[in-house]
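Please look through the sequence and the structure shown here before reading on.

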Amino acid sequence: MPEELPEELAVALASSVDRRGALGRPLVFLSSTGSTNDIVQRLAENGASHGAVAIALAQTAGRGRHGREWFSPPGAGLYMSVLIRNRAIAPLLTLAGGVAVAEAIRRATGLAPAIKWPNDIVVADPHARGRRRKLAGILAEGSTTDAGVQHVIVGIGINVRPADYPPPLVNRATSLERELGRSVDAGLLASEILVALNEQVTALEAGEREEMLDRWRRFSPSSIGAQVSWTASGETITGRTAGIDPEGALLIRTGGEVRRIISGEIIWD
Ligand code: BTN
């Protein structure tokens, strides 16, 4: 059952109503749910319009990319999903979501995160040279019929406060409050995410794909010259990142050739 918005969220969202277009109409708040992506999928099936949003403060079945669980305990983060009904821009929403979240974190907190392809939001780990810790992740899930993509749900998880991360995450995750050493207004953050996502969606609808990709490139120094490896047909291949192409695929130089990666797991050395 949807609940009343907490004060912090209600105030911040009211202040951004003129800057976020249709995003946040309707907005469903749940203190805890299975997955906000599933809530928005249900809203979409019931005819919700472009911009419908679900926000939760905990998830019991939060999911991440590559079928992983997204750690979403109460008191640690902000979990939100947005329904995008424009199928023409669907393939670019993964990168556009990354730009929006990185931009919103910068505006709401002053922290300057980076993006690791395709859309991990990371900061440098001061205790391990060259290593990064993940602050936020984005899962864009498309709903497809025989007629093609019907809508996309952009799901965003942000680590706001320190938490007892399970072993695989303990050295890889961080939170906004840990990085900043002060408390963060999660309402302002949610509000700025909707504003920034609306900006990126509007830009793509206006045909500004290259501008969005350039913003992504500026947030992602590791997309050029970083040592990476990945597995293809049982073989591990290593190479160096060589930017992204106009479709948002990651280019990797290996030996004398450049390979184009559209999905799959990259290991960053
Ligand atoms: C990743 O693996 O990096 C993507 C994580 C995406 C997590 C968010 S939290 C809100 C939404 N609901 C989910 O179940 N997943 C996404």
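The domain assignment divides the protein chain into domain 1, residues 7-219, and domain 2, residues 222-268. The contact between them draws on 14 residues of domain 1 and 16 residues of domain 2. The model is a predicted one, and in it the centres of domain 1 and domain 2, taken over C-alpha atoms, are separated by 25 Å.

About 1200 Å² of area is buried between domain 1 and domain 2, and carbon and sulfur atoms give 54% of this area. On the side of domain 1, His66, Trp117 and Arg217 supply 45% of the area buried against domain 2, which is more than any other three residues supply. Two salt bridges are found across the interface of domain 1 and domain 2, and four residue pairs are in polar contact across it. Strand E4 (114-116) and helix H7 (209-219) each supply at least two residues of the side of domain 1 that touches domain 2, and the largest share of that side, five residues, comes from H7. Elsewhere in the list of charged pairs, Arg68 forms a salt bridge with Glu265, and the closest N and O atoms of this pair are 2.1 Å apart.

## Strand E7 and its partners

Strand E7, which covers residues 148-159, is mostly covered, since nine of its twelve residues are buried. Strand E3 (residues 77-84) pairs with E7 in the antiparallel sense over eight bridges, and within E7 the bridge partner of Val82 is Val154.

Strand E6 (residues 132-145) also runs antiparallel to E7, and ten bridges join the two strands. A hairpin of two residues leads from E6 to E7, and Gly137 has Gly157 as its bridge partner in E7.

## A buried serine and an exposed glutamate

Is Ser16 buried or exposed? Ser16 counts as buried because its relative accessibility is 0%, and the cut-off for this class is under 20%. This residue lies in the loop between helix H1 (7-15) and strand E1 (27-30). The side chains of Ser16 and Arg20 are joined by a polar contact of 2.9 Å, and, not counting residues up to four places away in sequence, Ser16 touches Ser191 and Val195.

Glu69 lies in the loop between strand E2 (53-56) and E3. Glu69 is exposed because its relative accessible area is 66%, and the cut-off for exposed is over 50%. If its neighbours within four places in sequence are left aside, Glu69 is in contact with Gly62, Arg63 and Gly64.

## Backbone details in the loops

A cis peptide bond, with omega about 0°, joins Arg25 and Pro26, and Pro26 is found in the loop between H1 and E1. Another cis peptide bond joins Trp117 and Pro118, where omega is about 0°, and Pro118 has its place in the loop between E4 and strand E5 (120-124).

His66, in the loop between E2 and E3, has a phi near 55°, a positive value in a residue other than glycine. His66 is partly exposed, with a relative accessible area of 38%. Ser233, found in the loop between strand E8 (224-232) and strand E9 (235-244), has a positive phi as well, near 50°, and Ser233 is exposed, with a relative accessible area of 83%.

Notes: Residues are numbered from 1 along each chain as its sequence is written. This is a predicted model: local features need pLDDT of at least 70, side-chain atom pairs count only at pLDDT 80 or more; totals for chains, interfaces and linings use all residues. Side-chain values use heavy atoms; hydrogens and water are left out. Buried means under 20% relative accessible area, exposed over 50%, partly exposed in between (1.4 Å probe, protein chains only). Helices (H or I, at least four residues) and strands (E, at least two) are DSSP runs, numbered from the N terminus. Two strands pair if DSSP finds at least two bridges between them. Domain bounds come from an automatic or database domain assignment. Contact means heavy atoms within 4.5 Å. Buried area is the accessible area (1.4 Å probe) that two parts lose on being put together, summed over both. A salt bridge is a side-chain nitrogen of Lys or Arg within 4 Å of a carboxyl oxygen of Asp or Glu. A polar contact is a pair of N or O atoms within 3.5 Å; within protein, one must be able to donate a hydrogen and the other to accept it, and residues adjacent in sequence count only if both atoms are side-chain atoms.
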